Amino acid sequence: MPTKFMKLGFDAHVLRSLRNEATGYVLEVGLNYYRGTPISAVERLELSVDGERIDDDRLLVEINGKYLRLYEVPLAHTEYWGVKTPIHLHVLGAPLAAGPHDVDVVCEARVVYMQFAPGVYGMFDASARATLTVSES
């Protein structure tokens, strides 16, 4: 059964900052939607930097001070991603070189209050692309 995707504007609110840290780098990601969402409603979350898709095993999602592997995100029913509170995507590995980097996030989530049929929800697309300059932590 098809679902409808809502793609709101405000992409400038999604990719907020990029910084290096001792274990790799961190991307701050906000929502372009007008409401927050349980993080468990996120059905697809992918990151590419400079055209290279980052392997899911290298990603940690930090929300409300907790760290989740991607496979744990659908199970985190008590964690709420607020409109004003970004999540942090930690990428494990080598830090990025200084300078600008092309960042592309694919983020698709259920609208939990918009159920059309059992298991069929409206969806919103919080994906965005930007060039961010890495800063040192």
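Colleague: Where is Asp-50 found?
Modeller: In this predicted model, Asp-50 sits in the loop between β5 (42-49) and β6 (52-53).

Colleague: What is the phi of Asp-50?
Modeller: The phi of Asp-50 is near 55 degrees, which is a positive value in a residue other than glycine.

Colleague: Let us turn to β7 and β8. How many bridges join the two strands?
Modeller: Strand β7 (residues 59-63) is joined to strand β8 (residues 66-69) by 4 bridges, and the two run antiparallel.

Colleague: What do β7 and β8 form?
Modeller: They form a hairpin, with 2 residues between the strands. Asn-64 is in the turn, and its phi is positive, about 50 degrees, although Asn-64 is not a glycine.

Colleague: Another topic: which residues does UniProt list for the domain?
Modeller: The UniProt record, an unreviewed entry, lists residues 20-113 under "domain: C-glycoside deglycosidase beta subunit".

Colleague: What are the helix and strand contents of residues 20-113?
Modeller: The span is 0% helix and 55% strand.

Colleague: How far apart do the end C-alpha atoms of that span lie?
Modeller: The end C-alpha atoms of residues 20-113 are 37 Å apart in the model.

Note on methods. Residues numbered from 1 in each chain as written. Predicted model: local features only at pLDDT ≥ 70, side-chain atom pairs only at ≥ 80, totals over all residues. Heavy atoms only, no water. Pairing = 2+ DSSP bridges. UniProt positions renumbered as here; feature names shortened; annotations may be inferred.
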